[in-house]
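Q: I would like to learn how to read a structural model feature by feature, with the general idea placed before the particular case. Could we work through one together?

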Amino acid sequence: MLYALAGVVIGFIAGWYFPLYLPLEYGRLLSVSLMAALDTVFGGIRSSMEGKYDNFVFITGFFTNAVMAAFVCYSGLLMGIDLYMVGILIFGMRIFNNLAAIRHLFLKK
């Protein structure tokens, strides 16, 4: 847990002192990719609490979900369809479902 907290602090400090400006067009792709990555992280926490965690599944899922989410949103932009909203909705629902399961597992202990 200490490593995760240190990583968050270091990431925040790096982002504060070395800001990265992305073009507005990439904001949608980045937001959906971030939601996909967060979904994978919370799914990993849930599976760890259930005793089913597999590191290979977590790492491959993390990168595959993020890349595929960005690809689907980019394809939607090319077709003129706002698919990023669908991605944000679906990943948001999955994140909250994982958080609810984590809360239930935490309260059972």
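Q: Which residue forms a salt bridge with Arg-94, and how far apart are the closest N and O atoms?
A: The model is a predicted one, and pairs of side-chain atoms are counted in it only at pLDDT 80 or more. With that in mind, the partner of Arg-94 is Asp-39, and the closest N and O atoms of this salt bridge are 2.8 Å apart. Because Arg-94 belongs to helix H4 and Asp-39 to helix H2, the pair ties together parts of the chain that are 55 residues apart in sequence.

Q: Is Asp-39 buried or exposed, and what does Arg-94 count as?
A: A relative accessible area under 20% is what buried stands for here, and over 50% is what exposed stands for. Asp-39 has a relative accessible area of 2%, so Asp-39 is buried, whereas Arg-94, at 44% relative accessibility, counts as partly exposed.

Q: How many salt bridges does the structure hold, and which residue pairs with Asp-82?
A: The structure holds four salt bridges. In one of them Asp-82 is paired with Arg-28, where the closest N and O atoms are 3.8 Å apart. That pair links distant parts of the chain, since Asp-82 sits in the loop between H3 and H4 while Arg-28 sits in helix H2, 54 residues apart. Asp-82 counts as partly exposed because its relative accessibility is 42%, and Arg-28 likewise counts as partly exposed, at 34% relative accessibility.

Q: Which residue forms a salt bridge with Lys-52, and which residues are joined into one network?
A: Lys-52 pairs with Glu-50, and the closest N and O atoms of the two are 3.8 Å apart. Salt bridges with shared partners join Arg-46, Glu-50 and Lys-52 into one network. As for accessibility, Lys-52 is exposed, because its relative accessible area is 61%, while Glu-50, at 33% relative accessibility, counts as partly exposed.

Q: How should I read the packing of two helices, and at what angle do the axes of H2 and H4 cross?
A: Two packed helices are described by the angle between their axes together with the distance between those axes. For H2 and H4, the axes come within 9 Å and cross at roughly 20°. Angles under 35 degrees count as roughly parallel, and H2 and H4 are therefore roughly parallel to each other. The crossing in which H2 passes H4 is left-handed.

Q: What span should helix H3 have, and how far apart are its end C-alpha atoms?
A: Helix H3 covers residues 55–79, which is 25 residues, so that at 1.5 Å a residue its span should be 36 Å; the end C-alpha atoms are 36 Å apart, which agrees. Just after H3, Gly-80 takes a positive phi of about 85°.

Q: Which residues of H3 are buried, and which helices do they pack against?
A: An α-helix has 3.6 residues a turn, so residues three or four places apart point the same way. In H3 the buried residues are Gly-61, Ala-66, Ala-69, Ala-70, Cys-73, Ser-75 and Gly-76. The buried residues of H3 pack against helix H2 (26–50) and helix H4 (83–108).

Q: Where is Ser-33 placed, and which residues is it in contact with, leaving aside its neighbours within four places in sequence?
A: Ser-33 is placed in helix H2 and, because its relative accessibility is 13%, counts as buried. With those sequence neighbours left aside, Ser-33 is in contact with Ala-66 and Ala-70, both of which are among the buried residues of H3.

Q: Where is Tyr-53, and which residues is it in contact with beyond its neighbours within four places in sequence?
A: Tyr-53 lies in the loop between H2 and H3 and is partly exposed, with a relative accessible area of 37%. Leaving aside those neighbours, Tyr-53 is in contact with Gly-44, Ser-47, Ser-48 and Phe-58.

Q: How many helices and strands does the protein chain have?
A: The protein chain has four helices and zero strands, and along the sequence the pattern reads α-α-α-α. Its C-alpha trace spans about 50 × 35 × 25 Å along the principal axes, and buried residues make up 24% of the 109 residues. Of the contacts with a separation of 6 or more, 77% are between residues 24 or more positions apart.

Definitions and conventions:
Residues numbered from 1 in each chain as written. Predicted model: local features only at pLDDT ≥ 70, side-chain atom pairs only at ≥ 80, totals over all residues. Heavy atoms only, no water. Expected span 1.5 Å × (residues − 1). Buried < 20%, exposed > 50% of the residue type's maximum accessible area, 1.4 Å probe, protein only. Contact = heavy atoms within 4.5 Å. Salt bridge = Lys/Arg side-chain N within 4 Å of Asp/Glu carboxyl O. Axes fitted to C-alpha atoms, helices over the stretch in contact; angles between N-to-C directions. Parallel < 35°, antiparallel > 145°, perpendicular 65-115°, else oblique. Left-handed = near helix turned anticlockwise from the far one by under 90°.
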